[in-house]
Amino acid sequence: MSLLRICTRRLPGVNLYQHKPVVQPTLWHRTFVTKPKPKPVSPLSTNTEKPAPAPMDRPRRDEEIVSRYITFVNAEGEAQRRVPLKRVLDSIDRNQYFLIEVDPNANPPVCRLFDKKLMFAKQKQQKKNKTAKPGATEKEIQFAWNVSDHDMQHKLGKARQLLEKGNKVKIEIVTKKGQIRPTQPEQQEVIQRVANHLDGFKAKKPAFSGGMCAILYSQS
């Protein structure tokens, strides 16, 4: 064999082009050099998962609860600490009850059993109370016995608007200072004019006191 072939012969483990040795993996590397194992998780850990975002309008319930273990409060108010969530969900009547997370910051979280019918009835009543109209207030409108037709129409127009909004309106017809008290037929004529303007609304019997007459109107 010529000297040139000996010099250019590729030796095992040597790369002549990179001018540095190439380390071949050995049995020791393949056997003992391994990736680090993940840290084991304790089976008793209660919060091993990242909590799901809570609903905006209510607390978590049933499968929305993420903790493995909970403090379970039954419908009678009796509490059991560190109970598996799955066991509770499997044991309750899901058609009748909700399991609701009432204290998510406790360890483990506190979850209570709620009757669905009672919950829905309470929510319905709360919604009804919010939409209910406020109590009717009583307004007063006053004018004299000798009021003109134009002024009466203007004042009773306001009275009608108040009545349509659910308010009560007391119409007071008075005798002003220096005015002669009208006769009974004249008073009845003015009262009838008021009744014609406020036709369709409920009126109590006119109450007279001296030279004044008061009539309370409300929605029929």
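A: Start at the hairpin of strands E3 and E4: five residues lie between the two strands, and among them Gly 77 takes a positive phi near 90°. (Strands are DSSP E runs of at least two residues and helices are H or I runs of at least four, both numbered from the N terminus.) This is a predicted model, so local features need pLDDT of at least 70 and side-chain atom pairs count only at pLDDT 80 or more, while totals for chains, interfaces and linings use all residues. Residues are numbered from 1 along each chain as its sequence is written, and side-chain values use heavy atoms, with hydrogens and water left out.

E3 covers residues 69-73 and E4 covers residues 79-84; they run antiparallel, joined by four bridges (strands pair if DSSP finds at least two bridges between them). Tyr 69 has Pro 84 in E4 as its bridge partner. To count as sitting over a ring, NZ of Lys or CZ of Arg must be within 6 Å of the ring centre and within 35 degrees of the ring normal.

Another charge over a ring turns up at Phe 98, where Lys 116 lies over the face, at 4.5 Å from the ring centre. Phe 98 also belongs to the one aromatic pair in the structure. Its ring and that of Phe 120 have centres 6.2 Å apart and planes at 85°, so the pair is edge-to-face. (Rings of Phe, Tyr and Trp, the last by its six-membered ring, pair if their centres lie within 6.5 Å; planes under 30 degrees apart are stacked, over 60 edge-to-face, and the rest tilted.) The pair links distant parts of the chain, 22 residues apart: Phe 98 is in strand E5 (residues 97-103) and Phe 120 in helix H4 (residues 116-131). Phe 98 is buried at 9% relative accessibility, whereas Phe 120 is partly exposed at 45%. Buried here means under 20% relative accessible area, exposed over 50%, and partly exposed in between, using a 1.4 Å probe and protein chains only.

Now for the nonpolar cores, which are sets of buried Ala, Val, Leu, Ile, Met, Phe, Trp, Tyr and Cys residues joined through side-chain atoms within 4.5 Å. The largest one has 19 residues, and those touching the most other members are Phe 143, Ile 171, Ile 173, Val 194, Leu 198 and Tyr 217. At least two residues each come from strand E7 (138-144), helix H5 (149-164), strand E8 (168-174), helix H6 (184-197) and strand E11 (212-218). H5 gives the largest share, four residues. A second, separate core of 12 residues includes Ile 70, Phe 72, Leu 89 and Cys 111. Cys 111 is buried at 0% relative accessibility.

Leaving out residues up to four places away in sequence, Val 194 touches Phe 143, Met 152, Leu 156, Ile 171, Ile 173 and Tyr 217 (contact means heavy atoms within 4.5 Å). Helix H6 also holds Gln 187, which is buried, with a relative accessible area of 10%.

Zooming out, the protein has six helices and 11 strands, and buried residues make up 26% of its 220 residues.
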